[in-house]
Amino acid sequence: MKQTVAISTFAGMLARQSGYTADFCERFVAEMFKTVADALKDSNEVSIKGLGKFSADEAGNVEFTPDPAFAADVNAPFECFEPEPLDDDITDDMLSSGEDDDRVVVAEEDIVEEPSETPTVSDDDSYVEDIEVDSTAETTEMPTETISDTTICPNDESADEATEPGLASLMLSSENAEMHEDVELPANDGVDEAISDENTEYPAKRRRTLWAFVCGVAVGAIIGAAATYIAITPRAKSETNDQIRENEQEVAEELGEISPVAPIDTIAVQPEVATAENTEAENTEAEKTEKKDSVVYDTVTTTLAQLSRKHFGSYEFWVYIYEENRDVISNPDKVESGTRVRIPDVDKYDIDANDRNSINKALKKSQEISGHKK
Amino acid sequence: MDNKQYITRLSRRATLNYKETQQLVASAISMITEVLSQDDMLAIPAFGTFGTEKRDEYIGVDEKSGQRMLFPPTITVKFTPGTILTKSIGNQQ
């Protein structure tokens with residue numbers, strides 16, 4: 001996340017690291033770069049050890065060449081990588097990833113579009129489902145003539161249309177219903193003779209499928225009935241229990257006193273209340289322990305401002321980390337690296353890096369702290 | 001102007017001795033490094049802005065061996081001079 005650090009914020013960070021006051025550090029940093037600007041007017045080059053070289057041309061254009069050590073520190077995340085030699089068989093086309101990506105996308109689109117022209121699996125599914133509804137209605141009235149006709153139905157076509165083997169088997173049973181109505185059978189004299197032997201075996205298969213269908217419906221009905229029974233009965237019981245309790249209470253009120261048997265309910269209720277209280281107490285304790293556990297700790301590496309930047313998104317909120325850790329940190333300007341500090345909750349101090357008022361409040365507090373120090 | 005001359009001139013301006021100035025400049029540079037390593041920018045009024053620029057990995061040819069190499073990504077320091085600085089140097093020269 002790019003964030004522009006102002007010189008005042010930078011001076012505050014430098015003050016905490018160096019031990020000088022923030023005002024002095026701000027003046028020093030301003031003077032540091034003013035000296036460079038003045039020196040560039042006198043001589044065209046100014047080199048600062050550890051930072052780099054500033055050079056100016058006649059037109060006033062200033063160029064900065066960072067010191068190798070400075071550049072290496074900034075490039076620390078990628079410092080471990082080294083240039084890798086490429087094999088000769090790797091061509092530029094293979095490595096131009098951007099163009100390759102486009103090609104891949106185009107190729108994928110082609111692949112996706114092509115099958116859409118031919119009947120897809122989803123089309124087959126809907127086709128099969130539609131027919132199944134019809135077939136269930138007609139199977140009971142299935143005349144024997146149609147059965148003999150449907151045996152001639154071209155299985156090869158159904159196998160071609162159905163892309164999955166399971167669908168093919170479904171189509172066998174479902175297509176039969178429609179084929180005898182819509183399709184005019186071609187003249188298959190030769191084929192009839194060849195298939196005539198199979199016609200004798202087919203009704204038996206058909207009966208088996210019918211029996212399987214009937215059994216399936218019966219099992220489904222039994223399961224459905226059982227499920228509805230289970231779903232309804234507890235509610236009925238609870239309703240009856242409530243009714244009984246109400247009746248008992250009414251009777252007790254009429255008698256003017258609660259019978260000694262009645263405390264069965266009260267006895268049953270009291271532990272519930274007690275347990276409810278206990279569970280509430282446990283919950284609050286659990287919340288407290290969770291809150292205790294949710295306290296974030298971190299270790300100071302350089303300054304509190306860096307921690308503030310890391311956790312709150314801005315350097316200015318270091319004051320709240322200091323406030324939270326006054327017992328550990330005696331001087332916020334000189335925090336030993338490796339000090340373990342508690343990171344305060346964002347809501348506790350109303351910390352919001354996007355809110356200018358929140359940042360101003362933190363700045364005011366930091367000025368107060370630096371004023372106390374003086 | 002080399003580093004020694006620069007520190008001497010700065011120490012006179014900041015009313016510090018040479019060693020203190022040297023230490024404070026080193027601290028300031030380490031803080032600049034920290035700010036830039038967070039991918040942030042440092043704006044110095046009337047001077048310019050220090051920032052970073054990430055360059056993606058690229059293919060280049062090693063000048064010595066002539067072999068094609070895959071160079072890793074890098075983060076480089078980028079300095080943008082301010083208008084006041086550019087104008088003041090341009091007018092002076």
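Start by selecting α1(A), residues 7–18 (helices are DSSP runs of H or I, at least four residues; strands are runs of E, at least two; both are numbered from the N terminus). Its 12 residues should span 16 Å at 1.5 Å a residue, and the end C-alpha atoms are 16 Å apart, so the two agree (the expected span is 1.5 Å times one less than the number of residues). This is a predicted model, where local features need pLDDT of at least 70, side-chain atom pairs count only at pLDDT 80 or more, and totals for chains, interfaces and linings use all residues. Residues are numbered from 1 along each chain as its sequence is written, while chains are lettered from A and ligands numbered from 1 in the order in which they are written.

Stay on α1(A) and colour by burial: 10 of the 12 residues are buried, among them A:F10, A:M13 and A:L14 (buried means 20 or more other C-beta atoms, placed from the backbone, within 10 Å of the residue's own). Step just past the helix to A:G19, which has a positive phi of about 95 degrees.

Now bring up both chains. Contacts involve 56 residues of chain A and 52 of chain B (C-beta atoms, placed from the backbone, within 7 Å). On the chain A side, α2(A) gives the most, with 10 residues.

Next, pick β1(A) and β1(B): two bridges join these parallel strands (pairing takes at least two DSSP bridges). Click A:T4 and find its bridge partner, B:M41.

Last stop, confidence: the complex gets an ipTM of 0.87 and a pTM of 0.45 from the predictor.

Conventions. Two residues are in contact if their C-beta atoms, placed from the backbone, lie within 7 Å.
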